Amino acid sequence: MEKYGALLTVDAEKFSRHRDADLPHLHMEIRRALATACTACGLGEAWESARFKESTGDGVLAVLPGETIPTLVESFPARLQEALAEAAPALRARGLRLR
């Protein structure tokens with residue numbers, strides 16, 4: 001049994017300012033950005049096999065193995081920012097924003 005895990009929480013800024021019809025698309029974009037960021041920093045398998053992953057509507061709550069903590073702290077934020085920057089032009093074209 002694992003002694004501890006890493007709690008990853010993500011919350012989109014001003015999510016509810018978007019039209020209700022756009023919210024599911026934005027949520028899926030959050031999940032895509034998280035998966036992309038995890039893969040980019042070597043945590044793809046940990047993300048896919050997370051023992052707990054829950055939608056919060058405007059974000060995600062996940063429990064990853066404890067050994068992922070150094071990568072989550074050191075390289076994950078930059079990879080997540082890159083994934084969000086990559087998605088930004090297509091989102092802006094639809095009048096959406098994800099931060």
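Two strands are taken to pair if DSSP finds at least two bridges between them, and strands (E, at least two residues) and helices (H or I, at least four residues) are DSSP runs numbered from the N terminus. The model is predicted, so that local features need pLDDT of at least 70 and side-chain atom pairs count only at pLDDT 80 or more, while totals for chains, interfaces and linings use all residues. Residues are numbered from 1 along each chain as its sequence is written, and side-chain values use heavy atoms, with hydrogens and water left out.

In β3, P65 is the bridge partner of G5. Strands β1 and β3 (residues 59-65) run antiparallel and are joined by seven bridges. The three strands form an open sheet in the order β1-β3-β2, with antiparallel pairing. β1 (5-11) and β2 (52-55) are the edge strands, each pairing on one side only. From one strand to the next, the twist averages 10 degrees.

Helix α1 (residues 23-40) packs on the sheet and touches β1, β2 and β3, contact meaning heavy atoms within 4.5 Å. The direction of α1 makes about 25 degrees with that of β3; axes are lines fitted to C-alpha atoms, for helices over the stretch in contact, and angles between N-to-C directions run from 0 to 180 degrees.

The axes of α1 and helix α4 (residues 76-93) come within 8 Å and cross at roughly 140 degrees. The two helices are therefore oblique to each other, where angles under 35 degrees count as roughly parallel, over 145 as roughly antiparallel, 65 to 115 as roughly perpendicular and the rest as oblique. Residues of α1 in the contact include H25, L26, E29 and R32, and those of α4 include F76, R79, L80 and A83.
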